[in-house]
Amino acid sequence: MITYLPKPLTENSTIGLICPAGGLDSYKSVKPAVDYLKKSGYKVKLGRSIVVSNQAYKYLSGCDNDRLNDLYNFWNDKSINAVFCLRGGYGCLRLLNLIDFEQIKKYKKILLGFSDITILLLAFYKMCNLVTFHGPLLSYKFIDKKLKSIDSNTEKYLWKLLSDPKFKFSYSNKSKGVVIKPGKTKGKLLGGNLTDICAMIGSGYLPDFRDSILFLEDCYEEPFRIDRLLTQLSNAGIFEQIKGLVFSGFYKCGFKNNKEIVDLLKDRTMKYKVPTIFNFPAGHDIQNYTLPIGLEVFLDANKCALSSL
């Protein structure tokens with residue numbers, strides 16, 4: 001299968017900001033992200049469906065057609081080089097059967113986001129063979145009120161990766177990472193939010209997980225729910241297909257400590273005997289390193305390191 005890379009960001013690139021799932025409370029909440037991007041040398045265009053406008057569905061930024069039109073308008077706008085999502089929440093699942101992926105195939109642009117945006121990242125890769133990017137939402141734990149980065153590495157790695165024509169990266173978390181199953185392996189990087197991946201099972205929009213390195217993260221879920229979600233992936237045969245596992249720290253998921261999380265992860269995955277690490281810095285915590293979904297990567301579980309090939 002041919003995998004397509006989008007065009008990287010360059011000086012004076014134009015970035016479109018959208019909310020294809022949940023919306024922000026007000027345009028005041030959008031301003032820091034806009035100001036930050038302009039300060040960083042980028043031009044900015046703002047989608048129309050950014051702030052919650054549908055009182056019947058306050059968990060969405062707008063009706064399905066409005067959110068979809070923002071995506072189409074920015075994807076088809078030749079002046080826009082990348083589309084960044086501002087918020088997750090819920091809503092992308094409602095768009096899957098509405099998206100005309102033939103339109104998306106016309107342009108190869110950067111799509112950035114995480115959490116509920118996982119659904120679009122994986123669907124774009126599956127349907128268009130386009131590498132997408134699991135990374136920061138600029139309105140969530142990325143910058144403070146003074147437009148300074150909350151985590152310098154998260155900021156540095158975001159712009160370094162998105163401006164590289166081959167989207168090369170090398171991350172290591174040896175000091176805080178946990179080796180669950182040692183070993184080295186390589187494969188295409190897939191994954192994102194655990195809840196959303198499970199919600200996509202049976203939809204036809206999940207990519208082929210064969211020979212992949214699977215990254216999983218989640219937040220605010222009770223331990224039994226994490227157990228259930230991992231069991232669902234196991235029962236669906238997904239763990240049997242992969243070559244490596246990368247788990248985040250599972251931000252505020254109700255575990256008393258990391259040992260409780262690791263014990264559950266071992267219980268649910270050790271039988272698959274693939275290199276596995278825990279506490280990788282990507283997801284809902286302050287450190288959220290950008291990951292190219294669909295790119296071939298190398299996992300060195302012994303060093304809790306992940307890098308492009």
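Modeller: The structure, which is a predicted model, holds 20 aromatic pairs, where rings of Phe, Tyr and Trp (its six-membered ring) pair if their centres lie within 6.5 Å.

Biologist: Why is the pair of Phe133 and Phe167 called tilted?

Modeller: Planes under 30 degrees apart count as stacked, over 60 as edge-to-face and the rest as tilted. The ring centres of Phe133 and Phe167 are 4.9 Å apart with their planes at 55°, so the pair is tilted. Phe133 belongs to strand S5 and Phe167 to the loop between H5 and strand S6 (170-172), so the pair ties together parts that are 34 residues apart in sequence. Helices (H or I, at least four residues) and strands (E, at least two) are DSSP runs, numbered from the N terminus.

Biologist: What should I keep in mind about the numbering and the values?

Modeller: Residues are numbered from 1 along each chain as its sequence is written, and side-chain values use heavy atoms, with hydrogens and water left out. Local features need pLDDT of at least 70 and side-chain atom pairs count only at pLDDT 80 or more, whereas totals for chains, interfaces and linings use all residues.

Biologist: What makes Asp35 and Lys31 a salt bridge?

Modeller: A salt bridge is a side-chain nitrogen of Lys or Arg within 4 Å of a carboxyl oxygen of Asp or Glu, and the closest N and O atoms of Asp35 and Lys31 are 2.6 Å apart, so the pair meets the rule. Asp35 and Lys31 are four residues apart in helix H1 (residues 31-39), and are therefore separated by about one helical turn.

Biologist: How do you know where domain 1 and domain 2 lie?

Modeller: The bounds come from an automatic or database domain assignment, which divides the protein chain into domain 1 (14-163) and domain 2 (170-308). Their centres, taken over C-alpha atoms, are separated by 23 Å. The contact (heavy atoms within 4.5 Å) takes 31 residues from domain 1 and 30 residues from domain 2.

Biologist: How much area do domain 1 and domain 2 bury between them?

Modeller: They bury about 2,700 Å², 63% of it on carbon and sulfur atoms, where buried area is the accessible area (1.4 Å probe) that two parts lose on being put together, summed over both. In domain 1, Leu122, Tyr125 and His134 lose the most area to domain 2, together 25% of what that side buries.
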